[in-house]
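Please keep the sequence and the model in view while reading.

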Amino acid sequence: MSEKKEPSVWQGFKTFLMRGNVVDLAVAVVIGAAFTNIVNSVVKGLINPLVGAIGTQNLDSYSSCLSDSCSGDKGIQLMWGSVLGATLSFVITAAVVYFLMVLPMSKYLARVEAQRKAKEGTHEVIEITELEVLKEIRDALVAQRGNGHREP
């Protein structure tokens, strides 16, 4: 009897690293990190000043007191301003990503797909036309064979 040798930990690790999806994930992380800088620049350089023109850019100072007195570190404070600021930052970032990246890319991909389908539709029409011509030739040959020749 021969025992089946299990792969070593090193071999398993090499196999894991060489899978295509791991490499794709690594590329996505690197591109995502670079893309984060672009999005942060747009938010900090364009969006936040526009929001700041309407109100304030820093919402962290807004809070509510749950205890009788909130002075310094004493009392229970709800820091709702920082939660609101993080929520607004997320919504603004998501809007920038969607309207500047996702929407234009999906429109571009839809246009490319429509062009591909149009080309395929042209090929199908040509193929159907050729098929019709071949059917007509077949029918003409069958008609000739039926008129002048006997089939074996």
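Over residues 21-39 the chain is 100% helix and 0% strand, with 25 Å between the end C-alpha atoms. Residues 78-101 are 92% helix and 4% strand, and their end C-alpha atoms lie 36 Å apart. Helices (H or I, at least four residues) and strands (E, at least two) are DSSP runs, numbered from the N terminus. An unreviewed UniProt entry annotates both stretches as "transmembrane region"; such annotations may be inferred rather than shown by experiment, and their positions follow the numbering used here, with feature names shortened.

This is a predicted model, in which local features need pLDDT of at least 70 and side-chain atom pairs count only at pLDDT 80 or more, while totals for chains, interfaces and linings use all residues. Residues are numbered from 1 along each chain as its sequence is written, and side-chain values use heavy atoms, without hydrogens and water.

Beyond its neighbours within four places in sequence, Val-96 is in contact (heavy atoms within 4.5 Å) with Val-42, Val-43, Ile-47 and Met-101.

Ile-76 lies in the loop between strand E1 (64-65) and strand E2 (77-78). Is Ile-76 buried or exposed? Its relative accessible area is 51%, so Ile-76 is exposed (buried means under 20%, exposed over 50%, partly exposed in between, with a 1.4 Å probe and protein chains only).
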